[in-house]
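Dear colleague,

Here is the structure you were waiting for. My notes on one helix and on the ligand site follow below it.

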Amino acid sequence: MNEWIAREAEVVAQTYARCPVVFVKGEGTTLTDDAGKTYTDFLAGIAVCNLGHAHPKVAAALSEQASTLCHVSNLFYTRPQVELAEWLTQRCFADRVFLCNSGAEANEAAIKLARKYFHDKGESRSRIISMGRSFHGRTMATLSATGQDKVQEGFSPLLPGFDYAEFNNLEALEEVMDETVCAVLVEPIQGEGGVIVPDDGYLEAVRALCDRHGALLILDEIQTGMGRTGKLFAHQHTSVTPDIMTLAKALGNGLPIGAMLATNKVMAAFSKGAHGSTFGGTPLVTAAALAVVRAFDDEQVVEKAAETGAYFRVSLEKLKAKHALVKDIRGQGLLLGMEIDGDGAEVVKKALEKGQVINAVQGKTLRFVPPLIIKKAEIDVLMDVLDAIFSEMNQA
Ligand SMILES: *Cc1c(COP(=O)(O)O)cnc(C)c1O
């Protein structure tokens with residue numbers, strides 16, 4: 001066995017079902033393991049490295065900031081944090097940004113903000129409605145909001161004040177809505193839930209239900225944001241604007257950063273001392289994130305995601321037409337899922353052997369979330385590999 005895999009097994013918490021590969025290097029869409037074998041990355045560290053690995057401008061910004069100023073705490077002002085917040089708020093509904101270190105923390109902040117907003121208004125609303133099969137994180141509040149038994153099992157009692165409605169089902173949502181609901185928390189496309197795209201008009205109708213009951217709408221764009229679906233934020237495919245939006249994953253292209261964005265009206269409830277984070281928005285990570293978003297502008301990364309995503313989808317549809325075990329193709333931009341009648345983990349393993357990094361969610365859905373700079377020729381190679389794997393599985 002690989003020495004590092006053996007050593008990991010002795011000293012690291014065994015919370016992850018890892019693939020048996022030790023990666024040592026990444027460049028663009030290519031990963032290299034400790035034996036020198038190269039792979040094309042169709043996972044991007046779970047929708048994180050949207051610019052690809054080791055982006056030179058991000059590396060340079062990181063290196064320069066690392067040797068200038070990494071951290072001083074939020075007891076002081078630092079420039080990259082302000083510039084990042086300006087960039088983000090110039091491109092969406094939000095007026096203000098709270099910076100933190102992960103997706104779960106961004107959702108924690110959103111949940112706290114929603115409750116505090118109504119508290120400050122003197123209204124006793126605290127219920128948060130989230131969706132079945134959703135994923136919002138692993139902290140106690142965010143797993144209480146996560147509508148999946150396998151994430152919640154063993155951690156009861158969960159936090160009170162969380163209720164669920166089936167995703168993409170407006171009647172189910174309507175049933176749980178009343179004047180005790182402070183916010184509806186929803187992903188524009190469910191990522192971990194199996195790449196589930198709601199019907200056209202769903203988000204608009206959720207927004208309308210929130211408005212009718214005076215509740216806030218929180219969009220979890222942690223996976224769908226930062227160009228992943230072919231718009232900077234997935235809700236920008238619709239006419240909906242949320243009150244609060246959460247980001248993380250691709251915002252730092254691999255640096256740990258999360259953000260909770262809101263309108264002036266709502267963010268006013270985060271008054272001095274109401275929330276905080278030692279590391280949130282350090283100069284180091286915000287300088288990196290600033291280089292990331294500037295590269296988005298300079299390299300038309302979002303436009304590429306839309307165009308390459310359309311090509312990828314057509315390629316997947318061709319495989320579906322050829323193989324009966326392919327049941328469904330879902331997604332938008334470069335957040336794509338292929339549901340198969342078979343074991344997703346087996347396909348992931350076989351693809352890995354052939355130098356293709358993909359992943360499976362909910363057992364049967366292969367998920368493709370490559371760097372947004374992925375090339376059509378690289379997609380063609382993956383299609384040939386999957387074609388061969390499916391043919392082999394069909395014979396077995
Ligand atoms: C990944 C993810 C999270 C959690 O982010 P972490 O950084 O792992 O805490 C929350 N919501 C969605 C939609 C995600 O995809």
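Which residues of H9 are buried? The model is a predicted one, and in it the buried residues of H9 are Tyr202, Leu203, Val206, Arg207, Leu209, Cys210 and His213. Viewed down the axis of H9, these buried residues fall within an arc of 160 degrees, so they line one face of the helix. The spacing can be read against a general rule: an α-helix has 3.6 residues a turn, so residues three or four places apart point the same way.

The cover over the buried residues of H9 includes strand E5 (127-131), helix H8 (170-176), strand E7 (181-186) and strand E8 (216-220).

Helix H9 has twelve residues (202-213), which at 1.5 Å a residue should span 16 Å; the C-alpha atoms at its ends are 17 Å apart, which agrees. Just after H9, glycine 214 has a positive phi of about 70 degrees.

Now the ligand. The residues around the ligand are Ser102, Gly103, Ala104, Asn107, Phe135, His136, Glu187, Asp220, Ile222, Gln223 and Lys249. Helix H5 (residues 103-120) gives the largest share of this shell, three residues.

- Glycine 103: a backbone N or O atom is 2.8 Å from an oxygen atom of the ligand.
- Aspartate 220: a side-chain N or O atom is 2.7 Å from a nitrogen atom of the ligand.
- Glutamine 223: a polar side-chain atom is 2.8 Å from an oxygen atom of the ligand.

Taken alone, the ligand exposes 380 Å², and the protein buries 81% of that.

Regards

How values were computed. Residues are numbered from 1 along each chain as its sequence is written. This is a predicted model: local features need pLDDT of at least 70, side-chain atom pairs count only at pLDDT 80 or more; totals for chains, interfaces and linings use all residues. Side-chain values use heavy atoms; hydrogens and water are left out. Helices (H or I, at least four residues) and strands (E, at least two) are DSSP runs, numbered from the N terminus. The expected span of a helix is 1.5 Å times one less than its number of residues. Buried means under 20% relative accessible area, exposed over 50%, partly exposed in between (1.4 Å probe, protein chains only). The arc is that of the directions from the helix axis to the C-beta atoms. Contact means heavy atoms within 4.5 Å. A residue is near a molecule or strand if one of its heavy atoms lies within 4 Å of it. A polar contact is a pair of N or O atoms within 3.5 Å; within protein, one must be able to donate a hydrogen and the other to accept it, and residues adjacent in sequence count only if both atoms are side-chain atoms. Accessible areas come from the Shrake-Rupley method with a 1.4 Å probe; for residues, only the protein chains shown count as cover.
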